[in-house]
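Open the model in your viewer and follow the selections below in order.

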Amino acid sequence: MPKTVSSFEFTLDSRPQDQTLTGWLYGELRSAILEGRLAPGTRLPASRDFASQYGLSRGTVVSVFERLQAEGYVTSRVGVGTLVNRVSVVRPARQMSVTPPAYVRRAIATHKLPRPLVDLPFTRGVRPFRIGAPDTKAFPAKVWGRIAARYARNFGSWLETEADVRGYRPMRDAIADYLRATRGVRCNPEQIFIVSGVQQALDLLARVLLKEHDQVWMEDPGYFGATIAFGNVGAEIIPVPVDEEGLLVSAGETICPHARGVYLTPAHQFPQGVTMSLERRMAILKWAKRTGAFIIEDDYDSEFRFEGQPVPSLHSLDNYSNVILIGSFSKTLFPSLRLGYVVLPPSLVDCFLAFRYQTDFRNSHVDQAILCEFIVQGHFARHMRRMRELYGSRLAAMIDGGKQHLSGLLDISNVQAGLYTIGFLTNGMTSRQAEKAAAVQGIEALGVDRYTFKHPDPKGVVLGFAAYPEPAIRKALIQLAKAFSKEPSGRRG
Ligand SMILES: Cc1ncc(COP(=O)(O)O)c(C=O)c1O
């Protein structure tokens, strides 16, 4: 005669608030069976008794028993009751070994973290002066939410959508219009692919355009996201110096005249913040035309221009299809959206399509539809205007505060565009010493040397300003002044 279990280790109070009763009870019983606390052959109380013992509805208990039976954990038989089956017992999670299995150790040993990501002083929470973060508090979340709610009400129609690998067609139309109006880009929607941000664009482009040992120019210092993507396909990075006019094309031509291509951030050089001059733009286009090289133009935060006329994209100056433009909504809207775009020459579309198909097919259409409506209804342009003004005043606060509190220690550049600037150290510290000293004061100011290849330490730190209100900026600058007034600790640079 099977033994009927009469009490369990759990109580209703232990249910997390965000879990349904059914989900919680199922999880508890399943764990008890898997961990051997409910031995094979044990009889569970009748559903009616179980329900009254725990103050549950009988329907809840019956549906949990049915699910456990369907999954093979118990067997219910008329006249006998619900009996626990023999299943392989696993150790409870709290006793799980903390030693990583061999395959995990192998993976960790094989893949070294890229240098810009090693020993980051902070990993959680956005704090001054983390770069890359837009001010999400200023985002019109209610407007976005209203559009999303309308789509949610009619969700059935989104379960099956046109399977175009390039992305949701109205969204590609909207991007083509937007790029034509704001960046002078001449393209049709057939040339546009929606991707999950610049990083996916770089990953795909690297695989499409490069093979092992191919040489590719990178701005030095430059964007690590591109280095990672090119490194993953075994390409050889050729660092090319950057000055106040952008990439030194003549230096590139001397160092490696026949590189396959180049990655550039002409609107706002990462991380030095300079805008590429027209002369250099023409020079790089000429080089690409002559050698048949590609130019990947990362237009990631060109929208945020605070001074002078917007500089047209490199793409708009190119008559020979050498430029591939990539862009992202991570900065203009919010980072978790993970949507961006690639504008390809028509001749490359099919090849790129094949790679996208092999990777993840396409992005969710619903998100694109919401974004598309946000753009078409004028919310995007309105948000950009507001953010340009807000970020412009934050940059001004940064420059003023720098002059007031950091004179003789740090010279903060008055960049013309973007969400971050660079401060050059005038106190004798190396980039790494400054980064460490700032971290001690609770400030995130990453050393520019994280982003260099061959370039000697530029002795500077990158400072994001967009996500922080002016009082927070001033307070953090005072902390930085404290950090940078001290004698550098350790000589490691
Ligand atoms: C130079 C550069 N390009 C692109 C991006 C955005 O990339 P994603 O669209 O993958 O978020 C960043 C983000 O920090 C960046 O610094």
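Select the shell around the ligand: by class, five of its residues are nonpolar, four polar and three charged. Here Ala, Val, Leu, Ile, Met, Phe, Trp, Tyr, Cys and Pro count as nonpolar, Asp, Glu, Lys and Arg as charged, and the others, Gly among them, as polar. The model is predicted: local features need pLDDT of at least 70, side-chain atom pairs count only at pLDDT 80 or more, and totals for chains, interfaces and linings use all residues. Residues are numbered from 1 along each chain as its sequence is written, and side-chain values use heavy atoms, with hydrogens and water left out.

To display the shell, pick Gly-197, Val-198, Gln-199, Tyr-223, Tyr-263, Phe-270, Asp-298, Tyr-300, Ser-328, Ser-330, Lys-331 and Arg-338; a residue belongs if one of its heavy atoms lies within 4 Å of the ligand.

Next, show the polar contacts (pairs of N or O atoms within 3.5 Å). At Val-198, a backbone N or O atom is 2.7 Å from a ligand oxygen. At Gln-199, a polar backbone atom lies 3.0 Å from an oxygen atom of the ligand. At Ser-330, an N or O atom of the side chain is 2.7 Å from a ligand oxygen. Alone, the ligand exposes 400 Å², and the protein buries 89% of that (Shrake-Rupley method, 1.4 Å probe).

Now move to Asp-18, in the segment before helix H1 (21-34); helices are DSSP runs (H or I, at least four residues), numbered from the N terminus. Is Asp-18 buried or exposed? Asp-18 is exposed, because its relative accessible area is 75% and exposed means over 50% (buried is under 20%, partly exposed in between; 1.4 Å probe, protein chains only).

Methods:
Polar contact = N/O pair within 3.5 Å; in protein donor to acceptor, adjacent residues only side chain to side chain. Helix = DSSP H or I, 4+ residues; strand = E, 2+ residues; numbered from the N terminus.
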